[in-house]
Amino acid sequence: MKLAIVILNWNGLGMMRRFLPGIVEHSPQGKVIVADNASTDGSVEWLKAEMPEVGLLQLDRNYGFAGGYNRALRQVDADLYLILNSDVEVRMGWLDAMLAFMDAHPEVAACQPKLLCQWSPNDFEYAGAAGGFVDRLGYPFCRGRMFGTLEPDEGQYDQVLPCLWATGACLLIRSRDFWQVGGFDERFFAHQEEIDLCWRLRARGRGVVCVPHSVAYHLGGGTLPQGNPRKTFLNFRNNQLLLYKNLPEEDLPSVMRWRFWLDALASVQFLLTGQWGSFWAVWQGRKAFHRMKDDFKADRRRNLQESVCNPLEGAPRSILYQYYIKGRKKWSQLSI
């Protein structure tokens, strides 16, 4: 099989009812498969009764995004995996440009479409926009999305562009590349595991790009909405894990010192705005990172040994400074 479109589900029956029929209709190039993370909302029963043409993989418990996909994809024999969120709307022809690009560019391991907001389709969507990047202090941002600022899509980012990471909401990746770098890191559970995966690919000389002539529409926030303390915990913990696993030796100490103070500043902002749960989540995330750090030492050694380049070479020093001090709210305004 050339292409498997794999959708991970956990208690997302409403999303599947809304979006899965369109995904099946508009994606004739591949086999659509739902991997279910032990849902209890009737998802499996609905799939069997209403959409028997969709493949179904049933997992015995909720393994999160990273673990669920790893277990599902081990059971799928395909040259290309399309990792797709259940809350994505697509239209006819949406896959054509990405598939053609991957056929023409064997040096590229993974790509994403232009990701627009499902409920405001003229705007970029937070989870991936038109390709993801990371500044040298470890803050992710996107072409079309800087922190909470989402640009309207006016065709300004319609050129194919190499990026550091492609969104896990809609990620087309060669199965060989996925497994050669070890798949998703299941210890992340959810959030930023796709950044870690793409960083490993890029460091080993493989390409990651955005192909904006393919377009998908993402609802977003289906499992954990912005501002949820659990999301805050995972983002702060996993960002430190990401940096520890992948940063070159000469950069790691100074970046980690900077991040302590910047994370402290973020926690104060949560406190001053009455977000007590997120205030504690920042420090719980940092504490969890230090508990887990020793488990990642071997991964760090291996990543550094196998790296042929530094994907952050040429990245902006601090998008925090450019965004909050310089007032640069758009990717096109950044000083690289």
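Predicted model: local features only at pLDDT ≥ 70, side-chain atom pairs only at ≥ 80, totals over all residues.
How many bridges join strand β1 to β4, and in which sense do the two run?

## β4 and its partners

Five bridges link β1 (residues 3-9) with β4, and the two strands run parallel. One place to look is Ala4, whose bridge partner in β4 is Tyr81.

β4 also pairs with strand β13 (residues 170-174), here in the antiparallel sense and over five bridges.

## How covered is β4?

Strand β4 spans residues 80-84 and is mostly covered, with five of its five residues buried. Its side chains point two ways: Leu80, Leu82 and Leu84 go one way, while Tyr81 and Ile83 go the other, and all are buried.

## Helices α6 and α7

Now to the helices. α6 (residues 193-203) packs with α7 (residues 229-246) at an angle of about 15 degrees, and their axes lie 10 Å apart. That angle makes α6 roughly parallel to α7, since angles under 35 degrees count as roughly parallel. The crossing of α6 past α7 is right-handed.

Which residues meet here? From α6 come Ile195, Asp196, Trp199 and Arg200, and they meet Leu242, Leu243, Lys245 and Asn246 of α7. Sorted by class, this contact of α6 with α7 holds four nonpolar, one polar and three charged residues.

Notes. Residues numbered from 1 in each chain as written. Heavy atoms only, no water. Axes fitted to C-alpha atoms, helices over the stretch in contact; angles between N-to-C directions. Helix = DSSP H or I, 4+ residues; strand = E, 2+ residues; numbered from the N terminus. Parallel < 35°, antiparallel > 145°, perpendicular 65-115°, else oblique. Left-handed = near helix turned anticlockwise from the far one by under 90°. Contact = heavy atoms within 4.5 Å. Nonpolar A, V, L, I, M, F, W, Y, C, P; charged D, E, K, R; others polar. Buried < 20%, exposed > 50% of the residue type's maximum accessible area, 1.4 Å probe, protein only. Pairing = 2+ DSSP bridges.
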